[in-house]
Structure formats: structure tokens, C-alpha cells
Amino acid sequence: MSRHAFPQRLVALGADGADILHRLGVWNRVVGTTAFFPLPKGAPEKPRVSGFCSGNIDAILKLKPDMVITSTDVQHQLASDLIKAGVSVWAMNSRTIAEIYEAIRNLGQLVRRPRQAEQLVAQMEAALQPVAVNGAPRPRVYFEEWPDPLITGIGWVSELIELAGGEDIFAEKRHQKKTEARMITPEEVLFRQPEIIFASWCGKPVHLGEITSRSGWAGIPAVRTGRLFEIPSDDILQSGPSIVRGYGLLKREIARLTSPSHKSHHSRVARPARVRVSSPSAMTTPDLSEPHLFINRELSWLAFNRRVLEEAQDTTQPLLERVRFLGIVTSNLDEFFEVRVAGIKQQIEHESDDAGPDGMGARQTFEAIRQDVLKMIEDQYQLWNKELLPALSEHGVYLHDFKSMSKADQAWASDYFRKEVFPVLTPLAVDASHPFPQLQNKSHNLFLRLQRPERRHELLHAVVQIPRVLPRLVRIPHPQTNEWHYILIQNLIQNHVHDLFPGLEVEQVYGFRLTRNSDLYIDDEEAENLLRTIEDELRKRARGNAVRLEIEQGCPVDMRRVLLDIFKLSEEDVYEVNGPLNFLHLMPLASIDALASLRDKPYVPIVSRVLPAGGDYFEVLRRQDVLLHHPYESFASVVEFLEHAASDPAVLAIKMTLYRTSGDSPIVHSLIHAAELGKQVTVLVELRARFDEANNINWARQLEEAGVHVVYGLVGLKTHCKVLMIVRRDEDRLRHYLHLGTGNYHPSTARFYTDLSVLTSNEELGEEVGMLFNTLTGLSEFTGVKQLLVAPFQLHDSFLKLIQHERDLAKQGKEGRIIVKLNSLVEETLIMALYEASQAGVKIDLVIRGICCLRPGVPGVSDNIRVISIVGRFLEHSRIFYFGNGGKPKVYLGSADWMPRNLFRRVEVVFPVLDPALRKRITEIIIPGYLSDCVKARVLGSDGVYRRAKCPPGQEPAQAQLTFRNLARKAASRRLETKAEKKAAAGAEKPAAI
């Protein structure tokens, strides 16, 4: 053991021990592990020093471990040898679920992570809740752990089968400690006639055909109906948290056999992996897990970005708005490559053969992405060069190439280069004594080929980085005209780059841009270390592995090859561009005041009539709930609500979650002000909000310095919910005032994100939100709620039940109705639940802005499902959930999309709309506004293609966002009229002056 009171150099010889250590947040202490541990995405690789029952003693000892963890009795000889070598060894050797929990707790104590261990056990306990069978017969289940000789499942597998609603046909072997005692014969299986067969051959691929071809087995019910499933060994045979995934698979398939009377409950910890069905043709109904029923996640996202590009291509849009959309396409692609493509490339490098629900593996997905992106880039630059650039010129906006400029403009530009640009440039040679410079992510650079006049056979290379401090778009003064003349900084430098290399000849120069992997990997530690860890990761982000090279069209192949070799990329990672390297550099054009006629007319959000500026918000909320529809109604009301609370002497405490906020945030200033006045202020800051980490670290420090209690959330979970709670001592009693929303506390983005806010003093909601904060900030367990739907605890299960209820109503001949508005729909089990509801006759409308993996309009599967996407002036961000409930609609709002990360790996809150007036506004105005859009809406077809919606005969063209703007303006006009009438009436009542 080291000088520390707990082990610092750990070797995990089993995948289960490695998994637990990773989830406890001590992967940084692991110095070696087993070859069978599937490395989590982003986790640093560790030396692989053991197999299933063997290990390299010399390699283990070389790592100088102060503790080795084993997890199976077949490693007893290895453990014995290590003990003889003087190494401390701790063995898990669990056989039951209870023993797994005990091992996690004990290991947590050993590594000084008891709180995280308890949280992990609590998460598993919540996920492994038994399915209620209500007296229904349990299907007979056979689990095969090994094929030759036949071995049935270990103890915890048998327990999981029972929890999932099944009957293990070899349950009597559950308590056997030795593997030999679980050996069985094919005849025993044949005699017991299982209805479902699950197989997991200890890491060896399962051959379902081998199972079905066994003598006499063709008559077994499971084989006859094709109910044979492979479960990955990682998901069922590791004695650790991963059994939750296996439990999800068991539940899903057992529930299908007992459907419709049985209601399944799915795991909240991880999305159930896909299973292979031996003979789908034998099924009496379509197999809803078939790959053709799912659209590839990445290709669906690219289809969304294509819809953004269509807005730039739309000639009915104002010109500068088209330029802005062109920049958004580029920005979206950047993040897509930084995160999604980077992850796919990692899968390819690790030779992962995991396929998504759509059946496409990493290599196939990457190739499809490349083809889509190449076409998208071609269309982008054709649009710019053929339409937008000439159209700008027609309105007096010119983007020049230096060589085509007038002599006077060239003289001005050259003088500007010498005075403002040259001093900050640094030429960097690339040769044996000058290694290639470390280029930052998305930096703008020039790559040059040079020659010495006296040695023309010798080719030299150099790089010039274009510093971020330089403006990307330089305006050339033309004071005597109403014209705007510009040159891109890259073009200016390219035409003067010879000044940086005196004595050399510049033969070729091309601009290029490098995109790197920017997905942070955080090894969760104690909260006090999380901030520093993220700061370290942010510094690494700029130096992540290269994933994409964008380069000017025409760059010679040999020059390009030099760059590819340096960045360890291939030709399939290259994207040639025929114009500006980054369309975001053109954004300043969209802000030219004199060209306001080429932009959308400015929209000023109205102030809600029930929350007038300067009014008593608390008095209003004691009388009624308030619904705000942003950006049509001002987010300033929420800001003022918090500001008012910060100054109110009767307010005792403020608690809120902060995922993203603006640069100079009035939200943060109010929290600081409240703390300075002595109020109890607690803020849960999510440091891992992607690409906002640095901003959040800054605010976290400021809040802590002001005395605010800052919490960084639960280990392993992002806190994504949008919740504000104010505790106030009113005259009658202590009362909770809440703001619950679908969007971030970000006043800047609130001007162009569509979101919904509810402000309420509802007592039951207040108590549940208070309990949620106690769970997030303390050690208390999540004990369940009645009104709120909270991830990762019960949100997924709740949505499943709501969908299944509509399905059951339809099967009873009643009307089933589902309307859901989301950013993304990805989660497989919810998609299949929607398919089942559609098959039962439930009418389903889905408004999905971005990714949608569900395939609508498939005969016999999704005939009753309509999917639309709305891309317009504002970014559709609100999440709305409507369930008909037999004529008593249930309406929910929240922060969660239907994606695995939102449902299982984040803290999310979905809340009911309880006030009838608010619910009526959503169901009769907001939802119909979206469903009737036939201008900005695109309809997803069964072929995966989005097409412009067509207005029904006789209906005027309807545009949801325009409809909501007009409604807000009318409400503002009515409010002004009412004020004027009141003022006039008050004047009429005044006594005449004497």
C-alpha cells in the first residue's frame, strides 16, 4: 500500500471491477486492466494485462500496483501468484445481485468513494425494480451461458429473469457456487419447453443457428416462434452496473411476449442494446426492432442541416438572412465533426462492429456521412458563388479578390497589411529542425510551398497562422459612395505573404482549416476537483486528434499529402472548398445598419399582461399560474422575477440550476446580490455544458466568491433541467414560488430560441422541486414524485406508460392521441412504443426539429404517425408532450429530448401543466399553430426524405412562428387599448377644478 490511506495504483483483472472503478470516478488511479473491458468513449486506454482467467504476472508487477482487484473464482491461481509476490489482492466473486451491491459498497470504501458507491447502488436498485405481473402467467425462460457443455445462467441472471417477469426454467441452480453445478443437458432444456431463449456465450459470438439445429429443439416454443435473442456478455455476465442493460433487454422481450396485458418498465441507466432475432419471418406481427424501421442518427442530423441550408437557398428570404443561414450551416457542421464524426472515427480505429438500431456500423455510417457532406458543401459554395455574392453586389456590397481591386484599393489594402497585419504574423518553417506547429482547433491557416532561387530542386514548406485577433473581414473605405467594399483577411495575407519570407520564392499558397475532436472526457472526481479537471480538459480540446481538413480548391495532391501525413488523416477526411473557408466570417455583413431592409424586420418581445414590469410577481402567482411563450413574450419577466426575489426581504432562499447563461448575465448578478443580502442561495452549475464550459467555470467562481453555495451535480450525470425555486415567508405561511422552463437561463438566446416558461406557486410542485434539489445537492435518495417526471429516475418509464395508455385506449375502441414536440427523437424503445401505438390506431403527430430516427408512414407499422420539422427565423427549442387520456388531456413541458443521454445520463425535469387555462392555451393555440404550419414545415416521408408541407385545400398559408408573433402583437395592442381606456375613464371621473 502507498503512503496514502487508500490505494492509488489499481489493477482490475475483471471487466466488472474495471467498470465499477470507472463509474466511481477513479479511472485515473487504474494503471492496468483486463483485455475484456470495453473502454468507455473518451476514457484513456490502460495497459491490458489479463484475460478471462489468465494474466501476465510480470506485466502486472511492472505496474507497481498497491492493490489488484479480481472478480471471478477462475482467477484464483492468478490471485494466488500475486499474493505470493507480495501484492495486495481483493476479490469480488459475486454470485447474486445483493452480493454485487455489497461488492460495489466495499470497493467504494476501499478507494474512498463511499458516497459515489451508494449513489451507484441506488441507481441500480431503482433500475432493477421488479415488473408487476398481477397474477399473469410468467413466460418460461432459458438462459444459456455456454454452448458446450451447456451451462445455464449464474445466480444474478436467474434473479434478473424473475424481476423482469419471467420464470427461469433452471431456477433451482441459482444458488450453486461452482460452474460445474450449472451444467445441463440438451434433453433437460427440451423437457422444460422454454418460451424464450436468451444466450450470452461469455464473450464468444452466439450462433443462433447452432441452437435451433439441436436435435429435437425445433419443437421448443421459443424456437418455433423465433424468440431467440443474443445478449452481449458485457451487458449480463459482468457482476457490476452493466447488468442493468441486460435487465432492460430481458424486460423488453419478456414484455413483448406478454403484451398487451403486460406493461414493460425499461432501464434508466443505459439504452438497451439491440438483439439479433433468429427468424423474424416466423413472427406473427412485424418485428419493430428491424433496422429498416429506423433512420440513421447521423444522417438524420445531416438532413436537419440540409433544411437549414434550404433556408439559405430560399429566395423569399431577405438576402442577409440567407447569408446568416449559410453561416449557421457551417457552424453546425463544425460541431458535428468535432463531436459526432470524431466519435465515429474512434469506433473505426478501435474496430468496433457495434451497429445502431438502423443496422449501420461505424464504417458504413462514416462513408454515408462523407457523401452527404460533400454534396452539402458543393451546394453551399454554388449558392454563395452563383447567387448570394452577385446579389450582394447588386445592393452595393462587394467582396474583393486583391488582384481584381482598383489600384487605389490595392494601395490602401497593402498599407493596412503593413501596419495592422504584418506585425502580428509569424512564419513557421516546416522541416527537420522545425517541427510542424501545434495548430488550434478550427484555426485559420495558410500552407506554403517555397523555393530558394539558388536551389530550385529543394522544396520547402511553411505555415502561417492567421491570428484570431485579426478581423476576418476587412472593410476598404469608400467614403464618397454608399457602397461597402471588403476583402477577406486570408486573401489579403495570401497576396502579401512573400513579405514574410525574404530571399525565398513563394511557389504555392493555400488556406486550410483543421477540425479536431472536441468532445471532453471527464473522469468524475470529487466535486471540488471537477472544476480544475474541466479546465485541464478545455486546454486539451484545442489539441485533440484531427478529424477533418478543409482546404482551398486546387491545392496540389503532393502538398495536401504533406498535411494529411502530419495530421494522421486520409483523403476521405479532406473537404475542398471553393470560396471562404468559413462562412461565419461573413456574419458582419448581416449587421450593416444601412442594409436593414435586407434583414428580417426586428421583433421586440411583448411583456406579458399578467406580469407587468415592476408589478408584484408573488401576488400574481398566489392567484394564478403564468405561462410565457418565448421569444414572443419577453424573457425579461423571468429575469425581473429573480431580481425582485433577490431584493425582497421576505425571500429566505433561492435555489436554481444553471446550465447555460449569457456573457454578462443579469441572472448571475441577481444571485450574487441575493447572497450579499444574506439570503440562502444555492446554484447547481453544470460545468459540462458543451462549448460553454469556460463560461460556466467563470460564473461558478464569481458565485462562490460572493457566498453562493455552488454545487456541480451528481457524479456521472449532467444536470440539464431548468428549475428555479424561491422560498418566501408570506403573511400566512412559508411558500415556494417556481419557474419551470424548457430553455436555458440565457437572456441572449431567449431572443431567438422558442421556449415555454411556467411560473407557479403550486404547493405540490413546490414540495417535489424542493425534494429534487435535496437529491441534487445532498446525499438524500430520490424517493419518487407524483407530478414531476425526472430523469434518470423515472422519466423514461413514465413516457412509456403514457404512450402505452394511449395504445390501450385505442385497442378498446376509444380515441388515442399523442402529440410531441422535441428537438430530437432517437431512443429506440420509445420509438417502438410509438410504433405499437400507431398499430393500435393512435393518431400521432411529432414535431421534431432535428434528429428523428423514427420512420413514419410504414404500412402496418407507422401509418398513423406524421412527423414534421420546422426551421425558421427562431430556433425551435421548446419540448411539449400531449397525451389525449380519453378526453382528459395530460400536457407536460420540459427540458428533455427523447435521446438516451437525456433519459438515462442527465438530470431532466418534465413538469405537468396543471392550470386549466394554461393547458387550454397550449392545446388550442400553441399546438395547433405548429401542426397547421405549411410554409416552414417539412414532412418526413417513409423514405427518410423531408419535403415541404403542402397547405390543405382552402387553407391560407400558415406559418407557426409568424402566427405566434402576430398573436403577441395583438395581445400587446389590446393591452395598450385597455390602458388608454382606463386612463380615459380615470380622467373622466376626476372632479372639475374649482
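## Helix 20

At the start of helix 20, the backbone nitrogen of Ile667 has a side-chain oxygen of Ser665 within 3.1 Å. Helix 20 covers residues 666–676, and its buried residues are Ile667, Val668, Ser670, Leu671, Ile672, Ala674 and Ala675. Buried means under 20% relative accessible area, exposed over 50%, and partly exposed in between, with a 1.4 Å probe and protein chains only. After helix 20 comes Gly678, with a positive phi near 95°.

## Basis of the model

The model is predicted: local features need pLDDT of at least 70, side-chain atom pairs count only at pLDDT 80 or more, and totals for chains, interfaces and linings use all residues. Residues are numbered from 1 along each chain as its sequence is written, and side-chain values use heavy atoms, with hydrogens and water left out.

## Overall make-up

The protein chain has 27 helices and 38 strands. Helices (H or I, at least four residues) and strands (E, at least two) are DSSP runs, numbered from the N terminus. Of the 994 residues in the protein chain, 58% are buried. Among contacts between residues at least 6 apart in sequence, 71% join residues at least 24 apart; contact means heavy atoms within 4.5 Å.

## Nonpolar cores

The largest nonpolar core holds 94 residues, and Phe799, Leu825, Leu834, Leu846, Leu854 and Trp898 have the most contacts inside it. A nonpolar core is a set of buried Ala, Val, Leu, Ile, Met, Phe, Trp, Tyr and Cys residues joined through side-chain atoms within 4.5 Å. Leaving out residues up to four places away in sequence, Leu846 touches Val820, Leu825, Leu834, Leu854, Ile865, Arg866, Val867 and Ile868. There is also a second, separate core of 52 residues, which includes Leu627, Val758, Val847 and Leu918.

## Second largest pocket

The second largest pocket has a volume of about 710 Å³. A pocket is found on a 1 Å grid over the protein atoms alone, as an open set of points where a 1.4 Å probe fits, with protein on both sides within 12 Å along at least five of seven lines; lining residues have an atom within 4 Å of a point. Grid points are joined across faces, edges and corners, and the volume is the space filled by probe spheres set on the points.

The pocket is lined by 25 residues, of which Arg609, Glu633, Arg921, Ala971 and Arg974 are the closest to its centre. Strand 21 (626–630), helix 26 (916–931) and helix 27 (960–989) are the elements that give two or more residues to the lining. Helix 27 gives the most, with eight residues. By type, the lining has 14 nonpolar, three polar and eight charged residues. Here Ala, Val, Leu, Ile, Met, Phe, Trp, Tyr, Cys and Pro count as nonpolar, Asp, Glu, Lys and Arg as charged, and the others, Gly among them, as polar.

Gln494 is in helix 15 (residues 489–494) and is buried, with a relative accessible area of 15%. Its side chain makes a polar contact of 2.8 Å with the side chain of Glu552. A polar contact is a pair of N or O atoms within 3.5 Å; within protein, one must be able to donate a hydrogen and the other to accept it, and residues adjacent in sequence count only if both atoms are side-chain atoms. Apart from neighbours within four places in sequence, Gln494 is in contact with Leu446, Val509, Tyr510, Gly511 and Glu552.

His496 lies in the loop between helix 15 and strand 18 (505–516). His496 is buried at 6% relative accessibility. A polar atom of its side chain is 2.9 Å from the backbone oxygen of Leu492. Not counting residues up to four places away in sequence, His496 touches Phe402, Ser414 and Phe417.

## Backbone features in loops

One runs from His630 to Pro631, with omega near 0°; Pro631 is in the loop between strand 21 and helix 19 (636–647). Another joins Ala791 and Pro792, with omega about 5°, and Pro792 is in the loop between strand 29 (789–791) and helix 23 (795–811).

Lys64 has a positive phi near 50°. Lys64 is in the loop between helix 2 (57–62) and strand 4 (67–70) and is exposed, at 65% relative accessibility. Lys568 has a positive phi near 60°; it is in the loop between helix 17 (557–567) and strand 20 and is exposed at 75% relative accessibility.
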